[in-house]
Amino acid sequence: MSNALKILVGTMTGTAQLVAQEVELTLDGEHLQVSSQPMDGLDSAVFAPGGLFLICTSTYGQGDVPDNARPLFLDLEARRPDLSGIRYGVIALGDKTYADTFCFGGKKFDALLASLGAKRIGEMMLHDASSGAMPEELAAPWSTAWIALAKAA
Ligand SMILES: Cc1cc2nc3c(=O)[nH]c(=O)nc-3n(C[C@H](O)[C@H](O)[C@H](O)COP(=O)(O)O)c2cc1C
């Protein structure tokens, strides 16, 4: 597998950024180079062929991606690049108080990337802010299991 992982962060109030930092601390090492980057200003070109990506995003509005993720999301929708060489995972932050749109930010990215041919590794991590569990604490073990799946694939 590729020895680099890029985490793309969609956030409004910084929680997804904290989660991404935790994943970076957990996974970055000798055999894997991990970087994280806010989605601000990105477009489809970020998905370089052969890459491994982690989408780490919250949900706002009525099940929308955060504002800083919108340009990337809309560019992917408009250009519809062939992402069949891409593998990805999703950490979706949400709140079950919003029952009808729970974690839709991450779920929308998943559906869009899959429709462009990208291959998701493992199940999405869905975090419920109303559960009281800290998302970064869940993300560390989740990411360890996820990267093992990516290496095995
Ligand atoms: C105004 C507002 C709207 C939200 N809408 C949703 C939603 O539709 N679905 C959902 O699952 N979570 C929703 N959330 C919860 C956030 O996604 C959740 O708190 C997340 O952890 C915030 O992460 P961030 O700090 O990275 O933006 C909403 C939160 C706020 C403040």
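Start by selecting H1: its 13 residues reach 19 Å from the first C-alpha to the last, close to the 18 Å expected at 1.5 Å a residue (the expected span is 1.5 Å times one less than the number of residues). Helices (H or I, at least four residues) and strands (E, at least two) are DSSP runs, numbered from the N terminus.

Before you click further, two bits of housekeeping. Residues are numbered from 1 along each chain as its sequence is written. You're looking at a predicted model, where local features need pLDDT of at least 70, side-chain atom pairs count only at pLDDT 80 or more, and totals for chains, interfaces and linings use all residues.

**Stay on H1.** Which residues of H1 are buried? Pick Ala16, Val19, Ala20, Glu22 and Val23. Buried means 20 or more other C-beta atoms within 10 Å of the residue's own, with C-beta atoms placed from the backbone. These residues sit on the same side of H1, because they cover an arc of only 160 degrees around the axis (the arc is that of the directions from the helix axis to the C-beta atoms). Now show what they pack against: strands E1 (4–10), E2 (33–38), E3 (52–57) and E4, plus helix H4 (135–152).

**Now glycine 10, in strand E1**. Glycine 10 is buried, with 29 other C-beta atoms within 10 Å. Leaving aside neighbours within four places in sequence, its contacts (C-beta atoms, placed from the backbone, within 7 Å) include Ala16, Met39, Thr57 and Ser58.

**Colour the core.** A nonpolar core is a set of buried Ala, Val, Leu, Ile, Met, Phe, Trp, Tyr and Cys residues joined through C-beta atoms within 7 Å. The largest one has 39 residues, and Ile7, Phe53, Leu54, Ile55, Cys56, Tyr88 and Ile91 touch the most other members. Among the elements giving two or more residues to this core are helices H2 (70–79) and H3 (104–115). Zoom in on tyrosine 88: not counting residues up to four places away in sequence, tyrosine 88 touches Phe53, Leu54, Ile55, Leu113, Ala118, Arg120 and Ile121.

**Last stop: isoleucine 147, in helix H4**. Isoleucine 147 is buried, with 23 other C-beta atoms within 10 Å. Beyond residues up to four places away in sequence, isoleucine 147 touches Leu27 and Leu32.

Conventions: Buried ≥ 20, exposed ≤ 12 C-beta atoms within 10 Å, placed from the backbone. Contact = placed C-beta atoms within 7 Å.
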